[in-house]
Amino acid sequence: MGPAATRPFHPRVTVRSSRRVTAVAAATAFAGVLTMLSTLPPFAHRVRRLAGVLDPIELRVGANVTAFVVGFALLYLAGNLARRKRSAWLLATTLFGVHTLVVTARFAAAGALPRPSVAELIVAAAVLGLLVGSRSWFTAASDPPTLFRALRFAVLYTTAVVAYGVLTLSLARNHLEQEPSVLDNLVTVLEGLIGVEGEYTYQPGIFGVVFPMSLVALGSIGVVTTLVLIFRPIVAAPRTDADWAAAKRLVHRYGTDTLAYFALRHDKSYFFSSDGEAMIAYAYLGRYALASGDPIGAASSIDLVIDEFLDMCVQHGWGVAFLAVRQDQVARYERRGLRSLYLGDEAVIDCTKFTLEGKRNKSVRQSVGRVARTYDFELVAESEVDAATVAACNAVSERWRGKAPERGFTMALGQAVEGKEQEYLLAIARDRADASIGGFLRVVPVYGEPEPGGTVPIVGRTLDLMRRDPDTPNGMTEFLVANTAFALRDRGERILSMNFAFMGRLFESDVRFTLRQRVARVLVSTLNPFFQVKSLRDFNRRFRPDWVPRVIIYEDQRSLPQVAVLFGAAEGFVRLPLVGRYLVPRRIEPGHAGGADG
């Protein structure tokens with residue numbers, strides 16, 4: 001492969017492929033909806049004939065429960081067809097192909113077909129032709145461990161259900177009109193799983209009702225579970241030390257961005273370029289690969305890792321989004337057919353210029369002075385504090401957060417103070433009277449360009465944790481931030497990245513907004529009382545920072561609403577009952593031949 005700059009880029013989704021994929025998925029979904037509606041009394045008489053035309057399974061011999069499950073299966077299959085899953089294409093082609101053969105065989109045997117069957121044959125053949133003609137667009141692979149689990153479940157589950165059915169029929173001779181045999185028992189059970197009447201007539205009584213219903217229920221459960229297992233991505237085992245070591249090497253060598261260090265967060269996976277000199281930290285959530293910030297690595301390998309990452313997402317049928325990307329990098333993604341949306345501004349203090357002097361800084365100066373009357377400040381490596389300090393800091397965190405969830409994904413490590421890392425600095429405010437901790441900040445490194453000899457200097461810090469005891473005087477946070485900026489300057493470090501102000505630019509008073517921006521401003525203003533969007537921007541502004549705009553990179557307008565929800569979930573702003581656990585990042589690693597992780 002040639003240099004990244006000359007590597008030809010192939011658009012991920014073309015108009016032609018998108019239309020074909022959408023058409024196939026829509027036809028399958030339509031069949032699923034009609035099949036499910038045909039089982040409901042208000043709609044049955046209206047859509048049953050149409051469902052029979054479009055449905056690739058002979059439902060007229062099945063129970064309503066079976067029809068409903070098959071309809072659900074078709075909908076589930078349509079969703080995976082839309083993601084271009086090869087396994088979904090194979091299954092759909094098989095279903096419609098079998099149906100075409102069945103109707104054709106019926107025609108050959110009878111010499112003629114009723115009008116509905118002719119329509120079935122035409123529609124089934126048309127959908128089959130659409131599937132076959134579009135086969136090259138369905139290239140997304142299922143993860144082999146997932147497919148193996150599905151097949152293993154199907155075999156074991158079917159064996160157990162058949163054993164249950166055969167044994168039950170053998171013990172229930174008195175409830176059967178005919179004398180049972182092993183072969184008839186087996187046929188009855190297998191047909192019963194899809195809602196077909198078996199070889200026996202049952203004596204009047206509850207057994208003749210409950211037993212066939214149990215077979216249908218077990219068959220439905222088996223179908224749904226197998227489909228879910230086939231298309232469910234495999235959640236990776238904990239990452240290896242080699243993965244983390246490779247990621248840490250790249251962060252230390254090329255981590256010049258203020259968000260780079262957060263790539264080492266525990267719930268992130270790593271995709272390494274084939275030359276091993278660049279990586280993308282990401283999490284899998286809601287069938288999307290959510291990349292955290294810009295790629296990290298050698299300048300010559302950034303384009304390479306982006307292209308290979310996008311190729312990997314195509315191969316697995318994943319959507320993709322890059323969160324909190326620097327705005328000055330947008331052109332790199334737009335060249336690949338992706339879009340951008342303003343997300344907010346990162347506040348970065350220039351420690352070499354920071355001051356509390358002057359009229360403009362009066363309010364911050366007063367806040368800092370008020371707290372300084374009773375508190376002392378210290379900046380120390382986390383690895384150098386004792387166990388009592390570690391416990392006290394975590395206690396302050398608990399009191400500050402209360403019952404609120406821990407937030408952060410792109411700009412937080414998501415871990416408590418442990419007293420282990422020398423690279424983390426704790427900025428602590430101690431009460432002069434009893435040495436208790438009133439608040440603290442934890443900051444992580446920002447690296448500079450390598451110096452002669454290969455040494456990589458730390459040029460600044462990024463805020464990870466900002467905590468204070470609720471009972472401390474107002475101004476504690478200002479006291480900590482201001483003194484941290486001064487202490488970093490004394491250490492020869494020049495920047496301190498603070499909080500990220502979500503959609504902060506929308507609150508400016510001297511900007512002429514477009515209609516779209518005005519709508520966004522109304523929506524963000526509505527959220528402000530819940531997430532303190534404007535107050536965070538106002539707080540950051542008090543320190544006269546430089547503003548670094550950040551954006552979301554996404555695929556197209558259709559994907560933006562889902563990406564927005566997933567971003568909110570990853571950052572901890574979306575917490576829903578029951579389904580909330582499905583909206584948290586999960587580590588998933590499909591593997592990458594030639595990458596740094598081998």
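Trainee: Where does Thr484 sit?
Mentor: Thr484 is in helix 14; helices (H or I, at least four residues) and strands (E, at least two) are DSSP runs, numbered from the N terminus. The model is predicted, so local features need pLDDT of at least 70 and side-chain atom pairs count only at pLDDT 80 or more, while totals for chains, interfaces and linings use all residues. Residues are numbered from 1 along each chain as its sequence is written, and side-chain values use heavy atoms, with hydrogens and water left out.

Trainee: Is Thr484 buried or exposed?
Mentor: Thr484 counts as buried, because its relative accessibility is 0%. Buried means under 20% relative accessible area, exposed over 50%, and partly exposed in between (1.4 Å probe, protein chains only).

Trainee: What does Thr484 touch, leaving out residues up to four places away in sequence?
Mentor: Phe377, Ala427, Leu441 and Leu496. A contact means heavy atoms within 4.5 Å.

Trainee: And the rest of helix 14, how many of its residues are buried?
Mentor: 12 of 15, so the helix is mostly covered. Among the buried ones are Met476, Glu478, Phe479, Asn483 and Leu488.

Trainee: What span should helix 14 have?
Mentor: Helix 14 covers residues 476-490, and at 1.5 Å a residue its 15 residues should span 21 Å. The expected span is 1.5 Å times one less than the number of residues. The end C-alpha atoms are 21 Å apart, which agrees.

Trainee: What follows helix 14?
Mentor: Gly492, with a positive phi near 85 degrees.

Trainee: Which residue other than glycine has a positive phi near 60 degrees?
Mentor: Ala324. Ala324 lies in strand 5, residues 319-326, and is buried, because its relative accessible area is 4%.
Trainee: And where is Ala435?
Mentor: Ala435 is in the loop between strand 8 (425-431) and strand 9 (437-447). Its phi is positive too, about 65 degrees, although Ala435 is not a glycine. Ala435 counts as partly exposed, because its relative accessibility is 42%.

Trainee: New topic. Which residues form a nonpolar patch on the surface?
Mentor: Ile206, Val209, Val210 and Met213, with about 420 Å² of accessible area together. Patches are made of residues with over 30% relative accessible area and no salt bridge; like charges are joined within 9 Å, and nonpolar side chains (Val, Leu, Ile, Met, Phe, Trp, Tyr) within 5 Å. A salt bridge is a side-chain nitrogen of Lys or Arg within 4 Å of a carboxyl oxygen of Asp or Glu. Accessible areas come from the Shrake-Rupley method with a 1.4 Å probe; for residues, only the protein chains shown count as cover.
Trainee: Where is Val209 within that?
Mentor: Val209 is in helix 8, residues 207-231, and is partly exposed at a relative accessible area of 48%.

Trainee: What about Asn80, buried or exposed?
Mentor: Buried, with a relative accessible area of 0%. Asn80 lies in helix 3, residues 64-82.

Trainee: What is the mean pLDDT of the chain?
Mentor: 77, and 71% of the residues reach 70 or more. pLDDT is the predictor's confidence in each residue, from 0 to 100.
Trainee: Where does pLDDT stay under 50?
Mentor: Over residues 42-63, for which the model has 46 contacts beyond four places in sequence. The pLDDT is also below 50 over residues 576-598. Where pLDDT is low, the predicted coordinates should not be read in detail.
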